[in-house]
Amino acid sequence: MGQIKISQLTPKDAPLSDTDLFVIAEETSDDYESKSITGHEILATARTGMQRELISGENIKTINSTSLLGSGDITVNTGVSLVAKKTMVTHTGGGLILIASEDISSHIVANSMIQVTAMYRKTVGTQNYTPRLYLNTSATLTGATLIATFGSVSSLNLINDNIANFAIDASGNLYALSPTLLTNTRYLNTLAGSVITIPSPCFLIWGGQLTNGSDTAVMLNSNVIKYA
């Protein structure tokens, strides 16, 4: 074949193959020497110092079978979330009083569990203080449904520690479960075993009843946790 320009050669189809053979001119001390180089050698040289191509499930892990490659966010659901937190809420005055509330409508999920933990401390007086939990369509005790009664505390500066569990089915019903321990401060609530229709919207209400109107109690901390 006579001499032709490189631009006149037939283009090679992509991609470059390991077995492709190329002619190069290597500079010598006094001239150039023609040598061959394979496609594999060219690719290996080009990749030196570069990260290997990421292949999902091969050299980069997935999250819950979802590839990490591509754009956008990956939602990681642990199944446990904090719904509400109340701290240092003081209760003064006799009778049943609403001391805190939270709209938990968006957290009502079929086949899940809601757990409420609460710690109370009597700070003034020696008459009984009885904490309670309610559900209602608004943040009021009027027309509210009692779902748990916690242990009463009367002695000054004693701390009452409580846990109440509630299961939610696929039909919008709430089931009262027993707390984990049966003691004088953590015991079976009065509605254990009952089935309650969850209101919509759904407000969780912390109520408390002081026997003596001049006494004072404090809800030190209460967490509402959802297990979905």
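What radius of gyration does the protein have, and what would a compact globule of 228 residues have? The protein has 35 Å, whereas such a globule would have a value near 17 Å. The radius is taken over C-alpha atoms, and the globule rule is 2.2 Å times the number of residues to the power 0.38. The structure is a predicted model, in which local features need pLDDT of at least 70, side-chain atom pairs count only at pLDDT 80 or more, and totals for chains, interfaces and linings use all residues. Residues are numbered from 1 along each chain as its sequence is written, and side-chain values use heavy atoms, with hydrogens and water left out.

Along the principal axes, the C-alpha trace spans about 115 × 40 × 30 Å. One helix and 14 strands are present. These are DSSP runs numbered from the N terminus (helices: H or I, at least four residues; strands: E, at least two). Contacts are heavy atoms within 4.5 Å. Of those with a separation of 6 or more, 67% join residues 24 or more positions apart.

Of the 228 residues, 30% count as buried. Buried means under 20% relative accessible area, exposed over 50%, and partly exposed in between (1.4 Å probe, protein chains only).

The largest nonpolar core has 31 residues. Such a core is a set of buried Ala, Val, Leu, Ile, Met, Phe, Trp, Tyr and Cys residues joined through side-chain atoms within 4.5 Å. Leu-133, Phe-166, Leu-204 and Trp-206 have the most contacts inside this core. Strand β7 (residues 112-124) supplies the largest share, four residues.

Ser-200 and Pro-201 are joined by a cis peptide bond, with omega about -5°. Pro-201 sits in the loop between β12 (195-197) and β13 (203-210). Positive phi occurs at Met-88, near 50°, in a residue other than glycine. Met-88 belongs to strand β5 and is exposed, with a relative accessible area of 56%. Asn-157, also not glycine, has a positive phi near 70°. Asn-157 lies in the loop between β9 (145-149) and β10 (159-168). Its relative accessibility is 40%, so Asn-157 counts as partly exposed.

Val-76 occupies the loop between β4 (66-67) and β5 (80-92). Val-76 counts as exposed because its relative accessibility is 53%.
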